[in-house]
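Take a brisk look through one protein model. Keep the sequence and the 3D view side by side as you read.

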Amino acid sequence: MKAIFSIVLLVCLLGVFYAQAQEVRCPDRVPREDEEAILIPHPTNCKHYFVCDYGRPIVMKCPDDLHFNPTKKVCDFPFQAGCIVYP
């Protein structure tokens, strides 16, 4: 029973992340010379961000206790990241 619940929960979480990725639009361009990748902050979760792969957003997660810093384009301490989410 526990295994079935875990699988259902995982499928639901993947569905939520997929739906949120559909709302994020990646620019239709390759990264500039000074960019290694195109990174976009997650609209509702400070611990997540998107990497654009040929126009397709892929959700990524920062390590524990870190938030995505949209200015520096790295995972950073929450007080430095300045992430504010509007539900």
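A nonpolar core is a set of buried Ala, Val, Leu, Ile, Met, Phe, Trp, Tyr and Cys residues joined through side-chain atoms within 4.5 Å. Buried, in turn, means under 20% relative accessible area. Keep in mind that this is a predicted model.

## The cores

Which residues make up the largest nonpolar core? They are Val 24, Cys 26, Ile 38, Ile 40, Phe 50 and Cys 52, six residues in all. Two elements, E1 and E2, each give two or more residues to this core. A second, separate core has five residues, among them Leu 39, Tyr 49, Cys 62 and Leu 66.

Pick out Ile 38 in the largest core. Leaving out residues up to four places away in sequence, Ile 38 touches Pro 27, Arg 29, Val 30 and Pro 31, and also Phe 50, Val 51 and Cys 52.

## The sheet

Now turn to the strands. In general, strands of a sheet pair through backbone hydrogen bonds, either parallel or antiparallel. Here three strands form an open sheet in the order E1-E2-E3, and the pairing is antiparallel.

Look next at the pairing of E2 with E3. Strand E2 covers residues 48–53, and six bridges link it to E3 in the antiparallel sense. Two of these partners can be traced by name. His 48 has Lys 61 in E3 as its bridge partner. Val 51 has Ile 58 in E3. The hairpin of E2 and E3 has two residues between the strands, and Tyr 54 takes a positive phi near 50° there.

## Aromatic pairs

How many aromatic pairs are there? The count comes to two. A pair of aromatic rings is described by the distance of the centres and the angle of the planes. The table gives both values.

| Pair | Centre to centre | Angle between planes | Type |
|---|---|---|---|
| Tyr 49 and Phe 68 | 4.7 Å | 15° | stacked |
| Phe 77 and Phe 79 | 6.0 Å | 15° | stacked |

Why do these pairs count as stacked? Planes under 30 degrees apart count as stacked. The planes of Tyr 49 and Phe 68 stand at 15°, so that pair is stacked. The pair of Phe 77 and Phe 79 is stacked too, with 15° between the planes.

Tyr 49 lies in strand E2 and Phe 68 lies in strand E4 (residues 67–69), so this pair ties together parts that are 19 residues apart in sequence.

Where is Asp 76 found? Its place is strand E5 (residues 74–76). Asp 76 counts as buried, at 8% relative accessibility. Setting aside neighbours within four places in sequence, Asp 76 is in contact with Leu 66, His 67, Asn 69 and Ala 81. With Asn 69 there is also a polar contact, side chain to side chain, at 3.0 Å. Asp 65 is 11 residues away from Asp 76 in sequence, and their C-alpha atoms are 8.8 Å apart.

## After helix H2

Last, find the segment after helix H2 (78–81), where Ile 84 has its place. Val 85 lies in the segment after H2 as well. Ile 84 is exposed, with 58% relative accessible area. Val 85 is partly exposed, at 29%.

Both residues can be paired with partners from earlier in the chain. Ile 84 and Cys 46 are 38 residues apart in sequence, yet 7.4 Å apart in space, C-alpha to C-alpha. Val 85 and Thr 44 are 41 residues apart along the chain, with 5.4 Å between their C-alpha atoms. Which residues does Val 85 touch, not counting residues up to four places away in sequence? They are Pro 43, Thr 44, Asn 45 and Cys 46.

Conventions:
Residues numbered from 1 in each chain as written. Predicted model: local features only at pLDDT ≥ 70, side-chain atom pairs only at ≥ 80, totals over all residues. Heavy atoms only, no water. Helix = DSSP H or I, 4+ residues; strand = E, 2+ residues; numbered from the N terminus. Buried < 20%, exposed > 50% of the residue type's maximum accessible area, 1.4 Å probe, protein only. Contact = heavy atoms within 4.5 Å. Pairing = 2+ DSSP bridges. Phe/Tyr/Trp six-rings, centres within 6.5 Å; stacked < 30°, edge-to-face > 60°. Polar contact = N/O pair within 3.5 Å; in protein donor to acceptor, adjacent residues only side chain to side chain.
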